[in-house]
Amino acid sequence: MQTRRPWQEELDLIDRLMRDVSDINDPDQLVQKYWDGVHDLFPVEHYLSLSRRGVEPPEFLVTRSSRFTEHFNPWTQRERLPRLTGGLLGEVVYADKPLVIDDIPARLSKDDPGYFYLQGFQSLIALPHYENGKGLNVGVSLFEPGVEFDHAMVPMMHWQAGLFGRGTQSLVLRNQLSAALQALDRELQVVAQIQRSLLPASLPEIPGFEIDTFYQTSSKAGGDYYDFFPLHDGGWGIFIADVSGHGTPAAVLMAITHAIAHTRPGSPTPPGELLAHLNHHLAKSYTASGSFVTAFYATLDTRTRELTYATAGHNPPRLLRGDRIIALDDGGGLPLGILTEQTYTDARIAIAPGDSLVLYTDGITEAMAPESVSGTRELFGVERLDEIIRSARGRDMATLVRQIRDATTAHTRRTPPTDDQTLVAIRCL
């Protein structure tokens, strides 16, 4: 091996190498670039790289060799790598420690499985790359007769090789994680598309009433749900629900809730019976993990303008009548999916011209402001919601929904929502 360069020259070479490898994402390219750089510092003409990853002892793979006439990518062409068993290289790869062998000819026979790779060399330095204490990969430097190397450099070489091995494995794991996250993201996109397809494709046209809605998940898929059911007498069922939790699990339970509601025989009336039906099936088969669903369901008689409703632990909708807010909190019961035989009582209220009804999930009222100087985080709250509803008296429902959305966005200072948010606003004309 040649005499070492002055320290400043070595530092410049190492700095250039570190800069060059900093933006490499392919582990095979990283290894090639690193070895080229190391060769500039410590010229080694002949080398081997061995691996016992994924094979049964005493087998091992030759992943790189200066005697290869063709380059193989160990991560994508593993099936093309030479597979050997035993011999001197077998001792090296399963030693689980660094080795310096200065008498290769004396220990190598022509029937040794690694003869092709070791023949003609006098010495080797084998440096393992540890994972969980095992040298699953080993880098081997080979030296011909008459080529001497400074044994005092071996500890530093072992240190550098070990760090490089960990860095390469970290890059492999990062790429695997990135690929898994991309696959998961694609799956979540599909889940989100399926979930949104379960929501009403368009708003119903109810004579004498105006409707607008808003729906936003905190992740790609969520657990909020709203729906409208046409009734046999010309009336309409109005449903809103919120599955506990977020993301895909909540979206799955939301889809199950939708399926149970839409496959119930007969008309979805009265409200308490529909909620009891949903609760029975959810508690019996689908919420053993501790999940539950809050829900509010009402039927609107468009002839009499009477609203019959029942609630399952859901936030009481807000009814604006004049300047007064009426909370629809009668007819309450536990959230769906907790007790199998829970019953839900119906309540009634007349809807007068000019009245506005707002159904919402707690993602609206529990939207949080960023942390204040005192360390507290203030909720948007029902009081703010009521104030906006009052201020929008006489305005169309699209304006009311937009004002609520703008107010929650301003309150959270445009931070992404931490919970799903749903609004259903209905005005009696």
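Reader: What makes β2 and β3 count as paired strands?

Author: Three bridges join β2 (residues 59-65) to β3 in this predicted model. Pairing takes at least two bridges, so the three found here are enough for β2 and β3 to count as a pair. The two strands run antiparallel, and E59 has T85 in β3 as its bridge partner.

Reader: Okay, and where does that pair sit in the sheet order?

Author: It belongs to an open sheet of six strands, in the order β3-β2-β1-β6-β5-β4, with antiparallel pairing.

Reader: Why are β3 and β4 called edge strands?

Author: Because β3 (83-85) and β4 (99-101) each pair on one side only. On average, neighbouring strands of this sheet are turned by 25° against each other, direction ignored.

Reader: Which helix packs on the sheet by touching β1 and β2?

Author: That's α2 (residues 27-41), and its direction makes about 60° with that of β2. Touching here means heavy atoms within 4.5 Å. Another helix, α6 (residues 154-197), lies across β4 and β5 (123-131), running at about 40° to β5.

Reader: Now the inside. How many cavities of 30 Å³ or more are there?

Author: The count comes to one.

Reader: What makes eight of its lining residues nonpolar?

Author: Their residue types do. Phe, Ile, Leu and Cys count as nonpolar, Asp and Arg as charged. The lining includes F209, I238, L300 and C428, along with D355 and R427, so the class count is eight nonpolar, no polar and two charged. Strand β17 (residues 421-428) gives the largest share of that lining, three residues.

Notes: Residues are numbered from 1 along each chain as its sequence is written. This is a predicted model: local features need pLDDT of at least 70, side-chain atom pairs count only at pLDDT 80 or more; totals for chains, interfaces and linings use all residues. Side-chain values use heavy atoms; hydrogens and water are left out. Helices (H or I, at least four residues) and strands (E, at least two) are DSSP runs, numbered from the N terminus. Axes are lines fitted to C-alpha atoms, for helices over the stretch in contact, and angles run from 0 to 180 degrees between N-to-C directions. On a 1 Å grid over the protein atoms alone, a cavity is a set of points where a 1.4 Å probe fits but cannot get out, and a pocket is an open set with protein on both sides within 12 Å along at least five of seven lines; lining residues have an atom within 4 Å of a point. Grid points are joined across faces, edges and corners, and a volume is the space filled by probe spheres set on the points.
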